[in-house]
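Me: I would like to learn how to read a protein structure one feature at a time. Could you take me through this one, giving the general idea and then the case at hand?

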Amino acid sequence: MFISDVHLGSKAAKAEFLIDFLRHHDADIIYLVGDIVDGWRLRRSWHWPQSHNDVVQKLLRKARKGASITYIAGNHDEFARQFQGVHFGGIVVADRAIHETADGKRLLVIHGDQFDTVVHNARWLAYLGDYAYDAAMLVNRVITRLRQVLGLPYWSFSSWAKVKVKKAVNFIGSFQTVLTEEARRSHVDGVICGHIHHAAIESYEDVQYINTGDWVESCTAVVEHFDGRMEILHWAHVLPETPVGSEMLVPIDIKGRAVQAA
């Protein structure tokens, strides 16, 4: 299971959705693909409700039960990069990793900010963009509350805008190209990343590009099935609690619909 861009510590984090997702899904191997904690926002103002703590506790509990969990540091939680190789409650920190799928493919797991020229060459612009992103998330929260009042399901204004604005679409395309080139340089079959909050599974000739999305806008994760097939799961609803002892896996497709077991 691959999860990224949770941004715990920010008001935009959909912690309740992620907790519910983790309650209904389990995996032997879990990768946290960067920006799990939002150090940028925590430095500006402290925001850490109980739900954010519950996400951490849920992950630690999975580690105690035997799951192998790797924390890939991102740009918002870059403080973690100084702890590469260190274990925290069974979770190991790394800058990148190689994951081998059930069908023998080797995939580079990396957050992706290393290939964002704005983050590295114009850091002030990255911070400015972060403030603009906060504004977009504020609009998101207003729309979400309005849709809840009207009895409508969750819908992300910022995700919709991202695929409508030409410059954003061009940036996404360029990011995907650069990451697939890095996969080729690393002599692997594909790359799994996060960073741009846009879930996707694409093929670029001989290289597979997989982006996990986020838990701020789209509420998506990537899972590997037992045959090595990769899939994006969308979790835009919090399901009712199940009775003790009857918790079960509920796969959801990209449109939020329950998938029947084969």
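Me: Let us begin with contacts: which residues does Ile3 touch, not counting residues up to four places away in sequence?

Reply: The structure is a predicted model, and each contact here is read from its atoms. With residues up to four places away in sequence left out, Ile3 touches Leu18, Phe21, Leu22, Tyr31, Leu32, Val33, Ile36, Thr212, Trp215 and Ala221.

Me: What is the general idea behind a nonpolar core, and which residues of the largest one touch the most other members?

Reply: In soluble globular proteins, nonpolar side chains tend to be buried together. The largest nonpolar core here has 35 residues, and those that touch the most other members are Met1, Ile3, Leu18, Phe21, Leu32 and Trp215. At least two residues of this core come from each of α1 (15–24), β2 (29–33), α3 (50–64), β3 (68–72), β5 (91–94) and β11 (220–224). The largest share, six residues, is supplied by α1.

Me: How should I read a helix such as α1, and how many of its 10 residues are buried?

Reply: An α-helix has 3.6 residues a turn, so residues three or four places apart point the same way. In this case α1 is mostly covered, with nine of its 10 residues buried. The buried residues of the helix are Ala15, Phe17, Leu18, Ile19, Asp20, Phe21, Leu22, Arg23 and His24, and the buried residues of α1 pack against β1 (2–3), α3, β11 and β12 (230–234).

Me: Where does Glu217 lie, and is Glu217 buried or exposed?

Reply: Glu217 is found in the loop between β10 (207–211) and β11. Because its relative accessible area is 0%, Glu217 counts as buried.

Me: Which partner does Lys105 meet in a salt bridge, and which partner does Glu231 have?

Reply: The side chain of Lys105 meets that of Asp103 in a salt bridge, again given as an N to O distance, of 3.2 Å. Lys105 is partly exposed, with 36% relative accessibility, and Asp103 is partly exposed, with a relative accessible area of 39%. Glu231 forms a salt bridge with Arg229, and the closest N and O atoms of the pair are 3.8 Å apart. Glu231 counts as buried at 19% relative accessibility, because buried means under 20%, while Arg229 is partly exposed, with a relative accessible area of 44%. Salt bridges that share partners also join Arg81, Asp95 and Asp113 into one network.

Me: Which residues make the nonpolar surface patch of about 420 Å²?

Reply: That patch is made by Leu146, Val149, Leu150 and Leu152. Leu152 lies in the loop between α5 (123–149) and α6 (157–164), and Leu152 counts as partly exposed because its relative accessibility is 40%.

Me: Where does Asn140 lie, and how far apart in space are Asn140 and Tyr154?

Reply: Asn140 is in helix α5, and with a relative accessible area of 1% this residue is buried. Asn140 and Tyr154 are 14 residues apart in sequence, and in space they are 9.9 Å apart, C-alpha to C-alpha.

Me: To finish with the whole protein, how many helices and strands are there, and what share of the residues is buried?

Reply: The protein has seven helices and 12 strands, and buried residues make up 50% of its 262 residues. Of the contacts with a separation of 6 or more, 63% are between residues 24 or more positions apart. The accessible surface of the protein is about 13200 Å², and 59% of that surface belongs to carbon and sulfur atoms.

Technical notes. Residues numbered from 1 in each chain as written. Predicted model: local features only at pLDDT ≥ 70, side-chain atom pairs only at ≥ 80, totals over all residues. Heavy atoms only, no water. Patch = residues over 30% accessible without salt bridge, like charges linked within 9 Å, V, L, I, M, F, W, Y side chains within 5 Å. Areas by Shrake-Rupley, 256 points an atom, 1.4 Å probe, with all protein chains shown as cover. Salt bridge = Lys/Arg side-chain N within 4 Å of Asp/Glu carboxyl O. Helix = DSSP H or I, 4+ residues; strand = E, 2+ residues; numbered from the N terminus. Buried < 20%, exposed > 50% of the residue type's maximum accessible area, 1.4 Å probe, protein only. Core = buried A, V, L, I, M, F, W, Y, C linked by side-chain atoms within 4.5 Å. Contact = heavy atoms within 4.5 Å.
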